[in-house]
Amino acid sequence: METIFRALSFFLLLASLPVISALKFDIQAHPGHESASKERCIRNFVAKDQLVVVTTITDGYKGDGMTLNMHIKDAVGNDYGRPRDVAGENRYAFTSVADSAFDVCFENILSSNMAASNPTRHVELDIDIGADAKDWNAIQSSEKLKPVEAELRRIEELVGEVVSEMEYLRHREQKLRDTNESTNERVKWFAFGTMGMLVGLGAWQVVYLRAYFRSKHLI
């Protein structure tokens with residue numbers, strides 16, 4: 001219990017910090033058609049029924065000789081969107097349908113010879129999940145909350161997510177422990193069975209050899 005309290009206290013401290021940094025990278029354009037092998041993917045994990053907001057800021061513009069495509073999917077086969085020819089600032093929201101890792105993939109295709117030499121697109125990617133994905137300014141305005149009340153609501157939801165995640169990990173650990181104990185039990189009985197078979201085989205060999213030697217009048 002003390003460990004959980006410390007974890008929650010540390011998370012509350014982190015939740016009060018306003019610093020958020022997006023992931024920034026360049027993606028090279030390639031000639032030809034779309035190919036999954038050319039995609040660059042960023043992976044994250046999300047629980048079921050959580051809101052996810054993916055925000056992208058890219059340089060360039062439509063018609064500059066490059067076509068930047070996106071693909072948002074999870075590891076169990078669910079497809080959350082395939083935005084095409086992305087440029088500027090865009091925001092995509094979806095609600096997860098499974099406890100799974102999900103990928104935000106980018107592919108930059110050279111669509112014409114108009115692009116400059118060494119064509120690339122610069123991408124800034126920000127992924128918000130759960131309470132962080134909500135527009136708290138809109139909630140504050142619609143519910144007429146004070147700034148402190150809105151912040152407390154946000155922290156309350158963040159703590160709820162942490163508690164749910166810890167409960168999920170506890171159930172997962174319990175399931176793994178039960179599987180481990182079941183496996184150990186099966187290995188134990190398999191070992192006993194193997195030893196019993198070996199003892200039985202040895203006893204049968206002794207009886208057989210004694211009968212054989214008696215039949216040959218050797219003993």
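1. Salt bridges. In this predicted model, the count of salt bridges comes to 11. One of them joins the side chains of Glu39 and Lys73, with 4.0 Å from N to O; since Glu39 lies in the loop between S2 and S3 while Lys73 belongs to strand S5, the pair ties together parts that are 34 residues apart in sequence. Lys73 is partly exposed, its relative accessible area being 25%.

2. Through shared partners, the salt bridges join Asp132, Glu151 and Arg154 into one network. As for accessibility, Arg154 is buried at 15% relative accessible area, while Asp132, at 40%, is partly exposed, and Glu151, at 33%, counts as partly exposed.

3. The open sheet. Four strands, in the order S1-S9-S4-S7, form an open sheet with antiparallel pairing. Strand S1 (23-28) and strand S7 (88-95) stand at the edges with a single partner strand each, so that one side of each is left without a neighbour in the sheet. Neighbouring strands of this sheet are turned against each other by 25° on average, if direction is ignored. Between strand S4 (residues 51-58) and S7, which run antiparallel, there are eight bridges, and Ile57 stands opposite Glu89 in S7.

4. Strand S8 and its partners. Strand S8 (residues 100-110) is mostly covered, with 10 of its 11 residues buried. Strand S2 (residues 30-31) runs parallel to S8 and is joined to it by two bridges, with Ile109 as the bridge partner of His30. Strand S3 (residues 40-46) runs antiparallel to S8 and is joined to it by seven bridges; here the bridge partner of Asn44 is Phe102. Nine bridges join strand S5 (residues 66-74) to S8, again in an antiparallel arrangement, and His71 stands opposite Cys105 in S8.

5. Aromatic pairs. The count of aromatic pairs comes to six. The rings of Phe94 and Phe102 have centres 5.8 Å apart and planes at 80°, which is over the 60 degrees required and so makes the pair edge-to-face. Phe94 is buried, with a relative accessible area of 8%, and Phe102 is likewise buried, with a value of 0%. Together with Tyr80, Phe94 and Phe102 form one aromatic cluster.

6. Helix H3 and the annotated segment. The UniProt annotation "transmembrane region", taken from an unreviewed entry, covers residues 189-209. Over residues 189-209 the chain of the model is 100% helix and 0% strand, with the end C-alpha atoms 30 Å apart. Within helix H3 (residues 147-215), Trp189 and Phe192 are three residues apart and are therefore separated by about one helical turn. Trp189 is exposed, with a relative accessible area of 51%, whereas Phe192, at 44%, is partly exposed.

Note on methods: Residues numbered from 1 in each chain as written. Predicted model: local features only at pLDDT ≥ 70, side-chain atom pairs only at ≥ 80, totals over all residues. Heavy atoms only, no water. UniProt positions renumbered as here; feature names shortened; annotations may be inferred. Phe/Tyr/Trp six-rings, centres within 6.5 Å; stacked < 30°, edge-to-face > 60°. Buried < 20%, exposed > 50% of the residue type's maximum accessible area, 1.4 Å probe, protein only. Pairing = 2+ DSSP bridges. Axes fitted to C-alpha atoms, helices over the stretch in contact; angles between N-to-C directions.
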